2 protein chains.
Amino acid sequence: MNYENTGRYLIPEEIEKRSFELIEAELKTQPDEELKPIIKRVIHTTADFDYAENLCFSDEVVKKALEAIKNGADIVTDTNMAKAGINKKSLARFGGEVHCFMADEDVALKAKERGVTRAVISMEKAAELNKSIIFAIGNAPTALIRLHELLQYRKIKPELIIGVPVGFVNVVEAKELIMETEVPYIVARGRKGGSNVAACICNALLYMIP
Amino acid sequence: MNYENTGRYLIPEEIEKRSFELIEAELKTQPDEELKPIIKRVIHTTADFDYAENLCFSDEVVKKALEAIKNGADIVTDTNMAKAGINKKSLARFGGEVHCFMADEDVALKAKERGVTRAVISMEKAAELNKSIIFAIGNAPTALIRLHELLQYRKIKPELIIGVPVGFVNVVEAKELIMETEVPYIVARGRKGGSNVAACICNALLYMIP
């Protein structure tokens with residue numbers, strides 16, 4: 001097939017630039033400069049300005065996260081959707097990889113045996129990686145609850161927890177748990193979030209590194 | 001490692017059931033019975049009740065979509081994230097497959113040559129599949145614009161267009177274009193949507209088939 005260009009197509013870079021300008025103009029309050037690229041990218045991904053209010057950041061989290069990425073931290077996520085959305089090429093520049101253990105056979109088996117979610121077992125598997133890790137949780141509140149326990153047991157020392165599961169049961173509480181710890185975090189307070197939001201926060205961080 | 005179960009973990013099926021009950025209870029108006037599973041699943045995926053208002057359905061679209069799936073229709077999406085999220089096992093029961101051409105080398109090459117988006121070329125590639133197709137567009141408004149053109153040229157006859165790209169530039173207009181056609185559609189009117197929403201609408205349809 002062969003079609004004429006209709007001239008109605010903006011290239012993606014132009015669309016993104018114009019979108020970010022529109023978002024900036026519609027923001028009711030201007031966030032800190034270092035947080036802005038994250039907040040704007042999440043709004044870009046969701047068209048939902050609620051994230052301007054509900055995203056919570058621990059002290060100096062951006063600085064710490066960028067440092068971790070530059071030092072080759074891996075990212076562990078709780079969905080293959082988030083894994084598909086993270087810019088793996090950008091991360092690989094620094095030696096990092098993205099993992100999602102949710103579909104692993106050993107994970108499914110252990111979850112069944114112990115009567116817990118696969119997300120719980122996935123977090124335990126991640127704890128055994130013995131690597132510098134950024135957790136990006138966009139789906140399973142049980143992943144956050146297990147991370148909180150692993151923190152209490154001092155079994156993990158993550159560089160960052162991106163806690164943005166979406167949902168109606170256990171989600172709000174699980175996010176609050178993470179914000180009570182000492183771990184660097186980026187959390188979407190309340191019910192909202194998702195795999196797309198988790199991936200997009202990872203990408204926002206990656207794109208902050210020239 | 002070995003941990004005690006803390007008893008704080010609901011299994012995913014219980015969480016989902018309870019979530020749908022909460023969503024049902026919080027809906028301000030009750031949608032048509034046949035549309036309800038789709039609307040509720042989108043709210044479940046986003047925790048955003050705006051979708052109760054902005055999802056638009058063409059006449060008898062659910063009946064037509066389920067028929068198409070049962071007859072082995074393929075799904076073509078515009079992101080690998082949506083592809084990752086669609087329940088491919090459920091679709092395979094009826095002989096259907098999920099395609100995403102966005103990362104194909106020939107697509108990238110042609111897009112560059114013609115100065116259009118990869119989404120445009122992906123839609124043209126899909127048109128050549130010569131199969132019964134459901135389009136699930138969660139990201140690129142240019143995909144919808146090209147589908148609209150291909151419909152005008154009578155180059156495609158999709159079973160369904162799920163038009164839920166998210167964004168600030170061209171998105172609102174592209175969705176309206178699709179709703180002006182004769183094609184069966186499910187569209188999230190306005191700026192909101194996303195790969196997660198596209199995948200979730202596909203899954204809602206799949207889960208309606210016993």
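Author: A salt bridge is a side-chain nitrogen of Lys or Arg within 4 Å of a carboxyl oxygen of Asp or Glu. The model here is predicted, and in it Arg18(B) and Glu21(B) form such a pair, with their closest N and O atoms 3.3 Å apart.

Reader: Where do Arg18(B) and Glu21(B) lie?

Author: Both are in helix 1 of chain B, residues 12-26, and three residues separate them, about one turn of the helix. Arg18(B) is partly exposed, its relative accessibility being 41%. Glu21(B) is partly exposed too, at 38%.

Reader: Are Arg146(A) and Glu149(A), another salt-bridged pair, buried or exposed?

Author: Buried means under 20% relative accessible area, and both Arg146(A) and Glu149(A) are buried. The closest N and O atoms of this salt bridge are 2.4 Å apart. The two residues are three apart in helix 9 of chain A, which puts about one helical turn between them.

Reader: Which parts of chain B does the salt bridge between Lys40(B) and Glu24(B) tie together?

Author: Lys40(B) and Glu24(B) have their closest N and O atoms 2.4 Å apart. Lys40(B) is buried, with 11% relative accessibility, whereas Glu24(B) is partly exposed, with 25%. In chain A, salt bridges that share partners link Glu24(A), Glu33(A), Lys36(A) and Lys40(A) into one network.

Reader: How many salt bridges does the structure hold over all chains, and how many are counted between chain A and chain B?

Author: Over all chains there are 34 salt bridges. Between chain A and chain B the count is two. In a salt bridge between the chains, the side chain of Glu26(B) meets that of Arg191(A), at 2.6 Å from N to O.

Reader: Which elements of chain A give two or more residues to the side that touches chain B?

Author: They are helix 1 (12-26), helix 2 (36-46), helix 5 (80-85), helix 8 (118-127), helix 9 (141-152) and helix 11 (195-207) of chain A. Helix 1 of chain A gives the largest share, seven residues. By residue type, the side of chain A that touches chain B divides into 25 nonpolar, 15 polar and 13 charged residues.

Reader: What area is buried between chain A and chain B?

Author: About 4,600 Å² is buried between the two chains, and carbon and sulfur atoms give 63% of that area. In terms of contacts, 53 residues of chain A touch 53 residues of chain B. Three residue pairs between the chains are in polar contact, with both residues at pLDDT 80 or more.

Reader: What rotation superposes chain A on chain B?

Author: A rotation of 180°, with 0.0 Å of shift along its axis, places chain A on chain B with an RMSD of 0.0 Å. That is the relation of a two-fold axis. Among the residues of chain A, Met81(A) comes closest to the rotation axis, with its C-alpha at 2.5 Å.

Reader: Through what surface do the copies meet?

Author: The copies meet through the same surface, because 100% of the interface residues of chain A are also interface residues in chain B.

Reader: With which residue does the side chain of Thr142(A) make a polar contact?

Author: The side chain of Thr142(A) makes a polar contact with the side chain of Thr117(A), at 2.8 Å. Thr142(A) is in helix 9 of chain A and is buried, at 2% relative accessibility.

Reader: What is the phi of Ala47(A), and what is that of Arg154(A)?

Author: Most residues other than glycine have a negative phi. Ala47(A) has a positive phi, near 55°, and phi of Arg154(A) is a positive value near 55°.

Reader: Where is Ala47(A) found, and where is the place of Arg154(A)?

Author: Ala47(A) sits in the loop between helix 2 and helix 3 (51-54) of chain A, and Arg154(A) in the loop between helix 9 and strand 5 (160-163) of chain A. Ala47(A) is buried, with a relative accessible area of 7%, whereas Arg154(A) is exposed, with 75%.

Terms used:
Residues are numbered from 1 along each chain as its sequence is written. Chains are lettered from A and ligands numbered from 1 in the order in which they are written. This is a predicted model: local features need pLDDT of at least 70, side-chain atom pairs count only at pLDDT 80 or more; totals for chains, interfaces and linings use all residues. Side-chain values use heavy atoms; hydrogens and water are left out. Contact means heavy atoms within 4.5 Å. Buried area is the accessible area (1.4 Å probe) that two parts lose on being put together, summed over both. A polar contact is a pair of N or O atoms within 3.5 Å; within protein, one must be able to donate a hydrogen and the other to accept it, and residues adjacent in sequence count only if both atoms are side-chain atoms. Helices (H or I, at least four residues) and strands (E, at least two) are DSSP runs, numbered from the N terminus. Ala, Val, Leu, Ile, Met, Phe, Trp, Tyr, Cys and Pro count as nonpolar, Asp, Glu, Lys and Arg as charged, and the others, Gly among them, as polar. Buried means under 20% relative accessible area, exposed over 50%, partly exposed in between (1.4 Å probe, protein chains only). Copies are superposed by least squares on the C-alpha atoms of residues with pLDDT of at least 70 in both.
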